[in-house]
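Biologist: I'd like to learn how to read a structure like this one. Could you walk me through it, feature by feature?

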Amino acid sequence: MLNTITTATGPTPDAGPMRTHPARIIAIKEEAYAIATYEIEFEDPALKEAYQFKAGQFNMLYLPGIGEAPISMSSDPATPQVIGHTIRYAGNLTRAISRLQVGDVIGVRGPYGSAWPLEQIEGDDLCIVTGGIGLAPLRPVIYHVLRHRERYGRVFLLYGARTPDDMLYEDEFESWKQQGIQLYLTVDRADPSWRGHVGVVPMLFYLLRLDPKKTTVLTCGPEIMIHFVIYEAMARRIPKERIYVSMERNMKCGVGICGHCQFGPHFVCKEGPVFPYAAIEPFFGVEDF
Amino acid sequence: MPEFTPNIGAFVSIQKSDLQRVLEALKQAGFTLIGPTVDESAIVYGEIDGIDDLPIGWTDRQEPASYRIVRRQDEAFFGYTVGPHSWKKFLFPPKQRLFRVEKKNGSFQVVDEEEPAPRFAFIGVRGCELQAIHIQDRVFLGGPYQDPNYKARRQQVFVLAVNCTEPGGTCFCASLGTGPQVGSGFDIALTELDDTFIVEVGSEVGATMMRNVPWRPTSAFELQQAREALATAVKAMGRQLDTSDLPDLLYNNLEHERWNQVAARCLSCANCTMVCPTCFCNDVLEVSDLKGEQFERVRVWDSCFSIEFSHVHGGNIRPHTRARYRQWLTHKFASWIDQFGILGCVGCGRCITWCPVGIDVTEEIDAIRGEV
Amino acid sequence: MKRKIKPDVKSKPKLAVFKFTSCDGCQLSLLDAEDLLLDIADAVEIAYFVEARDRRLPGPYDVTLVEGSVSTPEHIEQIREIREESKFLIAIGACATAGGIQALRNWRNVDEFINIVYAHPEYIDTLETSTPISEFVRVDFELRGCPISKYQLLDVITALLIGRQPRTPTYSVCIECKRRGTPCVMVSRGIACLGPVTQAGCNAICPSVNRGCFGCYGPMEAPNTDSLGQRLEALGLAPAEIVRLYRNFSGYAEAFRLASDAYEEKIA
């Protein structure tokens, strides 16, 4: 409803929340087959200074002529001037990113979505359970925990990959262990050099003694894996309010107005990707939902 | 003729032909008039110049999968029910460039649009349609992020609403409380009687547009006539919907056998989502020139009925029609309430009429409730 | 991983256009690109394109467009050679992607036709069927339509030049029809229309001139031909008419073929 007559020509809409900002690649690190971590920084100094993100959130990355894709931040949220994205070359955009070099520019907008509840779970034992590239959005959690080790109890990292070669961030494992993170690794297919476990990630729960009163589970990975992680966690009487899941859906706008990432009542780009399991339980596991 | 304009909230009566004076005033104020007009086989919304373009003397017959325009016995201006178009195409266009991107010195630059948003006056907005606009307001303007394109168009729209005395065979707005009487948010609302329009003024601007219109206070008899016409309209509605147990009814029946049955009929063609005045799903396409120097981000209407819609790495979340129909219906009638605090349906019946095989949402929901 | 066809070196990617059994209409879409034709010629080297010039540069070709269906024994050899010479092979049009209108013969005895039509049937060496390119070689991308849309063709060429996976929508014609605001011809006029089961790409041109879609872009991603068939019957179409409707330019595409076969059984 109009209250006054405005001018005959109306306002000119700008790009608004869909505006993407140029950011330069300053480092590329190969992590595994067809997976690499890209460190980027905004070209605009003010934006670079102002940008902050929380562990678990994602950016929309963009390349002119190619399009956009949602990618989680995998770097330390305490140093947001340099943003790390661990990218698997799987889709249209990520394949195009695979052809980029240090110095090239990509578009970035964000951060979007919910974060792992790092403050809320202070004092808890943390059980981080993940597979494959699912470790990427959890690495910021590990960095945060290491920075504030005294704020958390025991920290378990249960991580699985297809083969030993597919493990991400292997060069950091030793340092994580030294700083008090208990690492349990497993692979689907071992090679002769492998000394760890063989089998699916949820089986690693059997190696732990968790205190259900003070354990929080953080999980990200293929939906089928998450399914069994929840099963194992609840079998150990960990309440569903303390199981946090990062969901994958088709995030396209990142701001809750395109509809693609709906998961029941939730827009995964807005209320997610990180949910307490209690919030999604009625819909989780409904086939093709 | 009184020298002053009617007050906000006042009911006044005007001669039908004097609607032209209102339209003239709107044009003079810089509005582009958008209104109903006959386009061969349907009453559609397009740019109009004056009352001569309105579907005077026309009506329509609607049932599932069928729509026909027919001549009326009288010369009613607004004697039809809503057609295939809705106002959303003007506020949220089916295809719209959001911005351009230019490559420049090894980087790129976002170039904002330079065209100001058009300034529309919507002529003949029904109660259900006004509610649909309010619903899309919540989608595009209600969250932490506001859509600048929608906002630029929306905030300067003039709404000339019309109380609906001509419900159709697939209508059920009375069940949802969105009509036939228009709710709030109009600048002017008309009720059409045989020889006069009763005008309710809803805003300052609405009052201003009445400046050159001869009017008289509406009589008690006319108000009574209007009330009766609306009461008759409520009874004449072709469909009903019990909303008492939504959203739980649907959430509790996600594995109901009915989803399989409707999937056997559903074409997954997306017509329902395209004609729906509240469906907002959209996609942004990347359009580039051959040289790879100039790019455009173009937003288009999308639909949850396309397979690609739910694409994630490694597959699609909803690969079958059963899952896609369930997504659409549960979104409209259940999760929309969680998302926006309001039902996603206004009872306009478009999805029933324009479904090529006549799938009827009211029937589907009744079936899930076990009433068929 | 490298799919970008534009090499980093200065040489331009080579484009070749071949044709089999077809009317040349799809190739003409390329010429029809008019104002953009110079840009195309600027961006790629047109190594072979009979509609434009006689010259044929030797392969290999970076992008090959193939029009037409395979309908003679000779074609089978040729398409295999073309495949070997082509990095990215795109089948263009209803003939190359579904067998074309000439695939109507797949339901009939070809020898009978030959004997009736030709004075010297012994000179005719043809296959029993007219089938799409993908029956014989791997096809990297299919552009549907009779003819194809020049916009889709340009989009695919642009995608390849930029290094994007080419992608055309696989949803129904109805989405395009509604986006352009055409009142549904089936609902508002009772005209039989294959739009709900046909793939988009034409911008719903037929309904925009009050005609039903005749399915030239072939089946959409999830064609429910049974349900549409029931509706067409309710609109008064006889099974024989429904057979004819489905058996059109893309009639040999699987979903349409099965639908028409099912209605043919009903007649019998």
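Modeller: Gladly! Let's begin with a pair of strands. In chain B, strand β9 (residues 158-162) and strand β10 (residues 188-192) run parallel and are joined by three bridges. Strands here are DSSP runs of E, at least two residues long, and helices are runs of H or I, at least four long, both numbered from the N terminus. Two strands pair if DSSP finds at least two bridges between them. Within this pair, B:Ala161 stands opposite B:Ala189.

Biologist: What should I keep in mind about the model and its numbering?

Modeller: This is a predicted model, in which local features need pLDDT of at least 70 and side-chain atom pairs count only at pLDDT 80 or more, while totals for chains, interfaces and linings use all residues. Residues are numbered from 1 along each chain as its sequence is written, and chains are lettered from A and ligands numbered from 1 in the order in which they are written.

Biologist: Which sheet of chain B holds β9 and β10, and in what order do its strands lie?

Modeller: In general, strands of a sheet pair through backbone hydrogen bonds, either parallel or antiparallel. Here, eight strands of chain B make an open sheet with mixed pairing, in the order β3-β2-β8-β9-β10-β11-β1-β12. At its edges are β3 (42-47) and β12 (216-217), each with a single partner strand, so one side of each has no neighbour in the sheet. Helix α1 (residues 19-28) of chain B lies across β2 (32-39), β8 (120-125), β9, β10 and β11, at about 135° to β2(B). Such angles run from 0 to 180 degrees between N-to-C directions, with axes fitted to C-alpha atoms, for helices over the stretch in contact.

Biologist: Is B:Phe197 buried or exposed?

Modeller: A residue is buried if 20 or more other C-beta atoms, placed from the backbone, lie within 10 Å of its own, exposed if 12 or fewer do, and partly exposed in between. B:Phe197 counts as buried because it has 26 C-beta neighbours inside 10 Å. This residue belongs to strand β11 (residues 196-201) of chain B. Contacts (C-beta atoms, placed from the backbone, within 7 Å) beyond four places in sequence include B:Ile14, B:Lys16 and B:Leu19 for B:Phe197.

Biologist: Which residues have the most contacts inside the largest nonpolar core?

Modeller: A nonpolar core is a set of buried Ala, Val, Leu, Ile, Met, Phe, Trp, Tyr and Cys residues joined through C-beta atoms within 7 Å. The largest has 264 residues, and those with the most contacts inside it are A:Ile128, B:Ala121, B:Phe122, B:Val199 and C:Val66. Among the residues that C:Val66 touches beyond four places in sequence are C:Phe18, C:Leu89 and C:Ile133.

Methods: Contact = placed C-beta atoms within 7 Å.
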